[in-house]
Amino acid sequence: MSTAGARQWLRGGDAVLAAGLVMVAVQLVWKFELVRRTYFRQDDFHYLIRGLESGFTWDYLTWVDVGHLLPGGFGISWAMARLGGYNEVLAHTMTIALQAGASLALLRLLRLLFGARPAILVPLGLYLVTPMTIPSLSWWAAVLETLPMQLALPMALHAHVLYVRDGRLRHVVAACAWTVFGLLFFVKAAFIPVLLFVVTVCWLTPGRWRVHWRAWAPYAAILAAYSWLFLTRLYSSVQLTDATQTPHLPGAGVAGELAWVLATRGLVPTALGGPWQWKPIGDDYAMAATPEPLAWATLGVASVVIAVSVLYRRRAWPAWLMLLGYFLLADVVPVLLGRIEQLGPRVLGYELRYLAATAMVLAIVVGLAFIPLQGEERPWLRPRLRLRWAWVPLAAAVTAGSVWSVAAYADRPLGSTVRSYVETARRALARVPAGSVVLDTYVPPAVAAPVFFHDYALHSRVLSLPSPLPVTWTKRLEGLVRNPLTFDAEGRLRPVTLDGVKIPQGATCVPVGGKEARFPLPRPLAGGEWTAQISYLNGPETTLSVRLGLGRTVVQAGRDLGTTYATVTGHGDELAISTLDGSTCVGEIRIGVPVPAEDAAPVPPQPVR
């Protein structure tokens, strides 16, 4: 290419576009290295199991999960559950495709707003590298919400800007379609029309926003319809606690503390390359753990950046106010209405998942605060500084910090531990004989926390995808259960043993009839649910009444020599047994909590790695 041709290519903006595309591509490769190591976790199992067990109905799609309305996400979960269940390839492909779409949409928007000038690569680069989005990329349920929003916002704003410039209604239709698309996945997409309004009023047509009433009417109609749907379903959706949700705002102190922690330990540090350190939540997730000195340092740097922009850029201050308003209304308020009372601001304030979509808003705000719009008249309040490249050291520091922070996040097993457990448990169920009795316990909290997901955290539910295996599940050991099995800490099946006390068999068994026979325990048992394994010698079958304190249950005992199980809730220092029909002879009794027998051979012999 000749020198003149190269200059023409640069002036035409092709070099900027090419550089932006290269940046997007490098970012996708970089983030894919993290995404491909992740696995499903927590809400992911709940969504997929519920998708498998539900029909594709209105009630299923519009169920509000602790303030989250995502019919699009539930629709994808419904399909995923029928396309291989825990299909990592499909989930990772969807994640990277949405990330690519959001990145390209932002590049397209920046070129439309500011022209194909090199300066647009700065806000683009900020969005591409910020660690603000990283935790959500490692959690598929978060991907279902946040990435569609990150795609919908720049696409809707792009269409709206075109409408403001040429007045064609097809652009309004496109903006509405992208807004609806965002609303299908994330409640925060309701702020897209609000952002369109603020950008229009402050930058596109200052003081003449009423001219575009043909856009505001459909935007308002979408928000009204969505608000009606959200509120009606919010108060009618039965949560996993079997109760409906009645959200309310906590006190001003809690609200203020959450806003401060989320801003100073999350938003500001990650906008400048932080948090640099992470607090692990198990092996597969982490929250920000910004060091105190760096938190204050980033507040100082952010203050200088904002002050410089306001000092020189004519309409910089509305950009920062827009970011602040979005942060308070879209990031802080939903958390206050959610689990703030359960977990508190000192936990949720470090959760970057709540800020993932804010990364896109931040990139747009940085552009508006520093770069004149294409064709904008008098964009500067005073002559610009001669040090035009003063931002380069800051950009380099932010990029280096971001790379460091992402590497620190990825320096953990991520999905390998949960993947190993689930795949090992699936293999174990496939290898034991059909009809084997398996005690249906909760999976480890690292897979799905029972305190949040209740019965959706049971092995029988988690391991039902892609299809149930032919074993018999039981929640309690009652009656004549032959060779029950249970899962160990690595997902392998082992025979059940009871961790508790034993009443040893004497020289002969103890005859038991209709009158209670009492067996003293080696030590008293506290109140709770206890399982007794009773050895017996029978003639014909009998029915046993088993009592511990005030707790009583009735179980069957078979013919001849055998064992039966009785699960009873109570406390005391003796176990009382009688028969309801006939008589029996009781031998050794064990009473305790069912656990895997560590001295027995597991199935499979080794966990799947």
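Trainee: What volume does the second largest cavity have?
Mentor: About 50 Å³. Keep in mind that this is a predicted model, where local features need pLDDT of at least 70, side-chain atom pairs count only at pLDDT 80 or more, and totals for chains, interfaces and linings use all residues. Residues are numbered from 1 along each chain as its sequence is written, and side-chain values use heavy atoms, with hydrogens and water left out.

Trainee: What counts as a cavity?
Mentor: On a 1 Å grid over the protein atoms alone, it's a set of points where a 1.4 Å probe fits but cannot get out, and lining residues have an atom within 4 Å of a point. Points are joined across faces, edges and corners, and the volume is the space filled by probe spheres set on them.

Trainee: Which residues line that second largest cavity?
Mentor: Leu 153, Leu 157, Leu 195, Leu 196, Val 199, Met 322, Val 361 and Ile 364. They divide into eight nonpolar, no polar and no charged. Here Ala, Val, Leu, Ile, Met, Phe, Trp, Tyr, Cys and Pro count as nonpolar, Asp, Glu, Lys and Arg as charged, and the others, Gly among them, as polar.

Trainee: And which helix gives the largest share?
Mentor: Helix 11, with three residues. Helices are DSSP runs of H or I, at least four residues, and strands are runs of E, at least two, numbered from the N terminus.

Trainee: Thr 200 lies in helix 11 too. Is Thr 200 buried or exposed?
Mentor: Buried, with a relative accessible area of 0%; the cut-off for buried is under 20%, using a 1.4 Å probe and protein chains only. Its side chain reaches the backbone oxygen of Leu 196 at 2.7 Å.

Trainee: Back to cavities: how big is the largest cavity?
Mentor: Its volume is about 80 Å³. The lining divides into seven nonpolar, four polar and no charged residues, and helix 6 gives the most, with three.

Trainee: New topic. How many residues of strand 11 are buried?
Mentor: Seven of its seven. Thr 542, Leu 544, Val 546 and Leu 548 are on one side, with Thr 543, Ser 545 and Arg 547 on the other.

Trainee: Which strand do seven bridges join to strand 11?
Mentor: Strand 12, running antiparallel; two strands pair if DSSP finds at least two bridges between them. The two form a hairpin with two residues between them, and Gly 549 in the turn has a positive phi of about 65 degrees. Strand 13 is also antiparallel to strand 11, joined by six bridges.

Notes: 1 Å grid on protein atoms, 1.4 Å probe; cavity = no way out; pocket = protein on both sides within 12 Å on 5 of 7 lines; lining within 4 Å. Buried < 20%, exposed > 50% of the residue type's maximum accessible area, 1.4 Å probe, protein only. Polar contact = N/O pair within 3.5 Å; in protein donor to acceptor, adjacent residues only side chain to side chain.
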